[in-house]
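Here are some friendly notes to read alongside the model. Keep the 3D view open and find each element as you go.

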Amino acid sequence: MPFLEIVEITKKFGEFTALDKVSLQVHEGELVCFLGPSGCGKTTLLRAIAGLDIQTSGHIFQRGKEISNLPPTERDFGIVFQSYALFPNLTVEKNVGYGLVSNKMGRKAVGERVAELLDMVGLPDSGSKYPAALSGGQQQRVALARALATSPGMLLLDEPLSALDAKVRVRLRHEIKELQRQLGVTTVMVTHDQEEALSMADRIVVMNDGVIEQVGTPTEIYREPDSLFVANFVGEMNQLSGVAAGPHTVQLGTATLSSQSHGLETGTKGIVSIRPEDVIPHGPGARSPGAPDELSDIQNAFDGTIQEMEFLGSYWRARITGGLLDGDSLIADFSMNAVRRMSLAEGKTIKIELPSDRLRLFLGDDKGPEA
């Protein structure tokens, strides 16, 4: 039995359909991320689970019990908002213990539980402080401790890190993931940050226009996107105009290239996609053991000219034109070592390979939605 089961949830606001027959199962102990652009329905779905916005139709079950129409106070969850939602006039310890006091727990037991929680989130000496005296990251830790105080069966996180600066965000997402694993609490988190979802989630639910586009592990979502939207939204993805040339081939410009199986009829227009890091450069200094003796033996290879190079710290991002690209540009990510060994620079013509097992064709005659 799934811990949380969502069955054909629909939510309408007047004539606008925010969720359209969404179904999903969440298993006990999982950390599941709802990922998608603004307005895709991810927060609406979280609020429906919490009972803050009752669905127009459909059903929600927690541990087999239907909670579809229960008020939030009768649902077994703790929630953390983007804005922290701490009481500014209460100390940290009173904020954390608020739910415990409401549940009529004894003063001594409340004090012990609050001390345990503050220690758990790394703020053992902050109980007497007020929220205004804390940094954003510390306030979010307090909000997390408060949500966990009553030992809820489920933790709901509504973009909990989006208000923090980049370094604090990276550190806190690691801490939240470790804490979630330690406690084993089933967690549903809303985010629009793909890096956050990829690094934290056991499974990712990619949403768009009120429906689920794909559900899978971070690796599955990134390496095997089911749709052009997912391919474009999660990570960087080259999208080139192409045509289906056979079950495992695509036509790019005047050349026919091997690709993953795409299931499209020959002659169907589509979008040829490949990740920038999957583009392989060939030439002097690029040889590795087992490489073909002649560059002409490499499958899916053609010459292109580097028009621009951008330094991004651990790698270089190059924009390549010419060859089979027929007016399109190909973005390729090259390691520092490859750039140094091959003396890659703007204006240089190199041979590049598009590995057939990483080349995909999606149905469509445009470049897809913007991330």
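1. Let us start with a sheet. Four strands make an open sheet in the order E2-E1-E4-E5, and their pairing is antiparallel. Strands here are DSSP runs of E with at least two residues, helices are runs of H or I with at least four residues, and both are numbered from the N terminus. Two strands count as paired if DSSP finds at least two bridges between them. Strand E2 (16–26) and E5 are the edge strands, each with a single partner strand, so one side of each has no neighbour in the sheet.

2. A word on what you are looking at. This is a predicted model, in which local features need pLDDT of at least 70 and side-chain atom pairs count only at pLDDT 80 or more, while totals for chains, interfaces and linings use all residues. Residues are numbered from 1 along each chain as its sequence is written, and side-chain values use heavy atoms, with hydrogens and water left out.

3. Now follow the pairs inside this sheet. Five bridges link strand E1 (residues 4–13) and strand E4 (residues 57–62) in the antiparallel sense. Leu4 has Gln62 as its bridge partner in E4, and Thr10 has Ser57. E4 is also joined by two bridges to strand E5 (residues 65–66), again antiparallel, with Phe61 opposite Glu66. E4 and E5 form a hairpin with two residues between them, and Arg63 in the turn has a positive phi of about 50°.

4. Which helix lies across E1, E2 and E4? Helix H1 (residues 42–50) does, running at about 115° to E1. For such angles, axes are lines fitted to C-alpha atoms, for helices over the stretch in contact, and the angle runs from 0 to 180 degrees between N-to-C directions. Contact means heavy atoms within 4.5 Å.

5. Next, the nonpolar cores. A nonpolar core is a set of buried Ala, Val, Leu, Ile, Met, Phe, Trp, Tyr and Cys residues joined through side-chain atoms within 4.5 Å. Buried means under 20% relative accessible area, exposed over 50%, and partly exposed in between (1.4 Å probe, protein chains only). The largest core has 43 residues, of which Val96, Leu144 and Leu155 touch the most other members. Helix H5 (residues 136–148) gives the most to this core, with six residues. Beyond its neighbours within four places in sequence, Leu144 is in contact with Val80, Leu155, Leu157, Ile176 and Leu179. Another core, of 28 residues, lies apart from it; Val272, Leu324, Met342 and Leu344 are among its members.

6. There is also an open sheet of five strands, in the order E13-E12-E11-E14-E20, with antiparallel pairing. The twist averages 45° from one strand to the next. Strand E14 (residues 269–274) and E20 run antiparallel and are joined by four bridges; in E20, Leu363 is the bridge partner of Gly270.

7. A polar atom of its side chain lies 3.2 Å from the backbone oxygen of Glu224. Lys351, in strand E19 (residues 349–353), also counts as buried, at 19% relative accessibility. Its side chain makes a polar contact with that of Asp303 (3.5 Å). A polar contact is a pair of N or O atoms within 3.5 Å; within protein, one must be able to donate a hydrogen and the other to accept it, and residues adjacent in sequence count only if both atoms are side-chain atoms.
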